[in-house]
Amino acid sequence: MSLYYLQKFLFQLNRDELAQERYGSDLDGLLGEFDLKEEEATALREGDIGLLYVLGVNGQILMHYAAFLGIEWFDYLDMMRKGIDKHGPVRAGVYTMTGGGSSFTEEEKHR
Amino acid sequence: MSLVYAGVLSHAPGITGRANLVDNVAKRDEFYANLDTQRQQIKDAGAEALVVIAAEHFGNFFMDNMPAYCMGIGEFYEGPIEDPEWLKIARTKIPGAPDLGRRLVCEVMKTVDTAFAEEWKFDHGIMVPLNFLTPNYDLPVIPVNINCQGPPLTPLHRVWAFGEALRRACDSVPERIAVVGTGGISHWPATPDSGKINEEWDRDFLDRLMRNDKDALLAYTDEATYRDAGQGGFEIRTFIAIAAAAGGKGELQFYTAELPIFAVGCTVASFDLAA
């Protein structure tokens with residue numbers, strides 16, 4: 001069930017300005033309201049996009065979180081690839097990587 | 001007949017958010033021009049309200065209580081929930097149509113159970129279409145969501161039934177209503193595969209859609225769609241609902257797989273309205 005609460009944390013953060021304020025001022029208190037494993041809480045404290053992706057966070061939730069953190073688009077894609085390099089394949093959900101880590105846009109290849 | 005327009009369009013956040021990164025500027029601008037044509041078609045039809053059938057991305061609905069279908073009956077909405085700088089759409093209020101929305105919900109409920117909501121924060125799935133179709137936010141909007149994100153997902157034959165129910169509802173009220181379905185066809189959004197597009201699959205789907213071939217449209221399984229069109233392919237539900245609501249054949253005004261930076265095959269189409 002922990003992935004459920006990990007995603008619920010991000011769902012609420014993504015849509016609630018008060019939660020976004022607390023993310024900056026009271027992150028531990030906010031995290032404490034959710035039933036999270038230590039690995040998940042650490043990933044959230046560190047904004048570890050790669051690990052969150054591998055843990056199975058839905059890509060739409062993760063994409064909005066990355067935008068909230070101010071991460072540029074191509075950096076976001078790289079962070080997910082590096083997460084897989086470090087932690088292995090996506091462990092749950094339908095947002096798996098199927099392209100072997102390749103880029104599918106010329107814009108990214110020549111940036 | 002009070003349904004005056006039915007069409008479909010893409011909604012990927014890159015369409016606005018990554019507009020500045022595009023190499024193929026001519027193709028991007030051709031896409032934008034077709035979206036503007038769609039805006040004009042809706043205006044020329046005399047639409048008094050715009051129903052947007054979307055596939056939202058956890059802006060409002062989550063697995064704690066996930067409706068298969070939900071219709072908005074709020075006085076107003078807000079969006080986008082995303083960082084406005086990221087989506088490049090300013091945060092704003094969007095007028096709703098609460099009285100009309102309630103009447104539509106009541107009619108739809110005669111054959112299809114739908115949830116309803118008086119609060120709704122729009123994500124890119126609705127904001128990107130509105131950015132092009134009602135850029136001044138002066139057309140009342142009735143949002144509709146079909147869950148395409150959190151499985152188990154509603155089966156396609158129920159999507160068809162919902163589209164038909166929405167049509168009956170629109171035809172039961174005097175207001176002139178436009179409906180658009182907004183989603184992706186094949187795409188693998190928000191993953192490292194972003195930009196991957198199965199153009200052959202897209203064109204086959206669009207052929208079925210433009211023919212409004214119910215049997216061919218309902219023949220897809222989620223397993224095959226996931227394999228061939230990615231998790232983003234689940235959003236074909238929004239397009240299929242529009243085909244059911246329209247009843248007539250479609251006209252594909254624009255499709256390209258040449259803008260992968262937008263992470264989707266960009267599509268604009270309209271439908272004849274069968275009596």
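I began at A:D75, which at 33% relative accessibility counts as partly exposed. The model is predicted, so I looked up confidence next. Chain A averages a pLDDT of 95, and 99% of its residues score at least 70. Among the elements of chain A, helix α5 (residues 49-55) has the highest mean pLDDT, 98. Helix α8 (residues 106-109) of chain A has the lowest, 92.

**Entry: the A:D75 salt bridge**

I went back to A:D75 and asked which residue its side chain meets in a salt bridge. The partner is A:R111, at 3.3 Å from N to O. A:D75 sits in helix α7 of chain A, and A:R111 in the segment after α8 of chain A. The pair therefore ties together parts that are 36 residues apart in sequence. I checked the accessibility of A:R111 as well: the residue is exposed, with a relative accessible area of 51%. That value clears the cut-off, since exposed means over 50%.

I then looked up two pairs in chain B.

B:R167 and B:D171 form one, with the closest N and O atoms 2.8 Å apart. Both residues belong to helix α6 (residues 156-171) of chain B. They are four residues apart there, so about one helical turn separates them. Is B:R167 buried or exposed? B:R167 is buried, at a relative accessible area of 8%. B:D171 is partly exposed, at 34%.

The other pair is B:R211 with B:D207, where the closest N and O atoms are 3.0 Å apart. These two are four residues apart in helix α7 (residues 199-211) of chain B, so about one helical turn lies between them. I found B:R211 partly exposed, with a relative accessible area of 36%. B:D207 is partly exposed too, with 38%.

I also noted a network in chain A. Salt bridges that share partners join A:D75, A:D78, A:R81, A:E108 and A:R111.

**Entry: the interface of chains A and B**

I turned to the contacts between the chains. How many residues of chain A are in contact with chain B? I found 34, and they touch 36 residues of chain B. The two chains bury about 3200 Å² between them. Carbon and sulfur atoms account for 60% of that area. I asked which three residues supply more than any other three of the area that chain A buries against chain B. They are A:R15, A:W73 and A:F104, with 20%.

I looked up the pair A:E17 and B:R91, whose side chains meet in a salt bridge at 3.3 Å, N to O.

Then I sorted the side of chain A that touches chain B. Helices α1 (2-15), α6 (59-68), α7 (73-87) and α8 of chain A each supply at least two of its residues. By type, that side divides into 15 nonpolar, 13 polar and six charged residues.

**Entry: A:K8**

I picked a lysine in helix α1 of chain A, A:K8. Its relative accessibility is 18%, so A:K8 counts as buried; the cut-off is under 20%. Leaving out residues up to four places away in sequence, I found A:K8 touching A:F34, B:F62 and B:D64.

**Entry: B:G59**

I located B:G59 in the loop between β2 (49-54) and β3 (69-72) of chain B. B:G59 is buried, with a relative accessible area of 0%. Setting aside neighbours within four places in sequence, its contacts are A:F11, A:R15, B:I81 and B:D123.

**Entry: helix α5 of chain B**

I asked how many of the 10 residues of the helix are buried. Nine are, so the helix is largely enclosed by the rest of the structure. The buried residues include B:H124, B:I126, B:P129 and B:F132.

Technical notes: Residues numbered from 1 in each chain as written. Chains lettered and ligands numbered in written order. Predicted model: local features only at pLDDT ≥ 70, side-chain atom pairs only at ≥ 80, totals over all residues. Heavy atoms only, no water. pLDDT = per-residue confidence, 0-100. Contact = heavy atoms within 4.5 Å. Buried area = accessible area lost by both parts, 1.4 Å probe. Salt bridge = Lys/Arg side-chain N within 4 Å of Asp/Glu carboxyl O. Nonpolar A, V, L, I, M, F, W, Y, C, P; charged D, E, K, R; others polar. Buried < 20%, exposed > 50% of the residue type's maximum accessible area, 1.4 Å probe, protein only.
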